[in-house]
Amino acid sequence: MRTNAVDLGFKRGAISECIVTTYNSRKEPNAAPIGIYFLSNSKLLMKIYENKTVKNMLMNKECAVNVVDDAFIFLKCILNQRDFKYLKAKKINAPILKDAKAVLECRVFDHKSYLKRDEYGECKIYLFKLEVLECYLLSKPLPKVLNRGENAVLEIAVKFSRGNYDIKKELEIAKRCLSHKDYKKLIELIKSNLKLKF
Ligand SMILES: Cc1cc2nc3c(=O)[nH]c(=O)nc-3n(C[C@H](O)[C@H](O)[C@H](O)COP(=O)(O)O)c2cc1C
């Protein structure tokens, strides 16, 4: 079913966390969490550090923005457990996540790069402006309750992606607010990828 970015909750001035999927030169799918800036229902913006997604987007000029409400998908991307199932997009040369709730099929219409200096040194950032060609729901739009434990899982993913492994506070919230099954899943996922002590 067709929809649009506003109805999906994208807002001007906010950063919406999504999973961006692309193909590499061998047509292998890649999935990465990226913050999306909403410009209008037909235009989005991304700021991306040099990574595989940038390489793929410079090559194909197309990507899918997957709206996902499962924080574990974000964490799995960061821990390189990207054992996801993919589907073909309708209009673009990019895969889409089978588990996405909604998809925005996008084409790059402008991009530039600049150098950013901060306490970690100098890095190159790519600014991509995207045109939304298609926006549709993949599954029935049922509401999902807020859960602080899932937000903590998302924060853990952000910290790991920045090389920060001090997740004591987030783990406390996850333990208190996630179901026992999901907390166990979180610990197993982290333990199988990182040598962290609990
Ligand atoms: C919630 C979340 C949001 C993120 N947003 C961005 C972003 O906007 N730009 C960026 O460069 N990296 C972002 N990252 C980090 C990338 O997802 C991470 O560097 C990833 O490993 C890149 O994967 P790739 O090399 O396969 O493209 C984010 C990570 C998380 C967990």
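**Exercise 1.** Which residues of α3 are buried, and how do they sit around the helix axis?

*Solution.* Start with the list: Glu150, Ala152, Val153, Ile156 and Ala157 are the buried residues of α3 (buried means 20 or more other C-beta atoms within 10 Å of the residue's own, exposed means 12 or fewer, partly exposed is in between, and C-beta atoms are placed from the backbone). Now look down the axis: these buried residues fall within an arc of 155 degrees, so they line one face of α3 (the arc is that of the directions from the helix axis to the C-beta atoms).

A quick word on the ground rules. Residues are numbered from 1 along each chain as its sequence is written. This is a predicted model, where local features need pLDDT of at least 70, side-chain atom pairs count only at pLDDT 80 or more, and totals for chains, interfaces and linings use all residues.

**Exercise 2.** What do the buried residues of α3 pack against?

*Solution.* Their partners are β2 (29-40), α2 (71-78), α4 (168-177) and α5 (180-193) (contact means C-beta atoms, placed from the backbone, within 7 Å). Next, check α2 from its own side: its buried residues pack against β1 (15-23), β2, α3 and α5.

**Exercise 3.** How many residues of α2 are buried?

*Solution.* Six of the eight, so to speak mostly covered. They are Ala71, Ile73, Phe74, Leu75, Lys76 and Cys77.

**Exercise 4.** Is Arg12 buried or exposed?

*Solution.* Count first: Arg12 has 9 C-beta neighbours inside 10 Å, so it is exposed.

Notes
Helix = DSSP H or I, 4+ residues; strand = E, 2+ residues; numbered from the N terminus. Contact = placed C-beta atoms within 7 Å.
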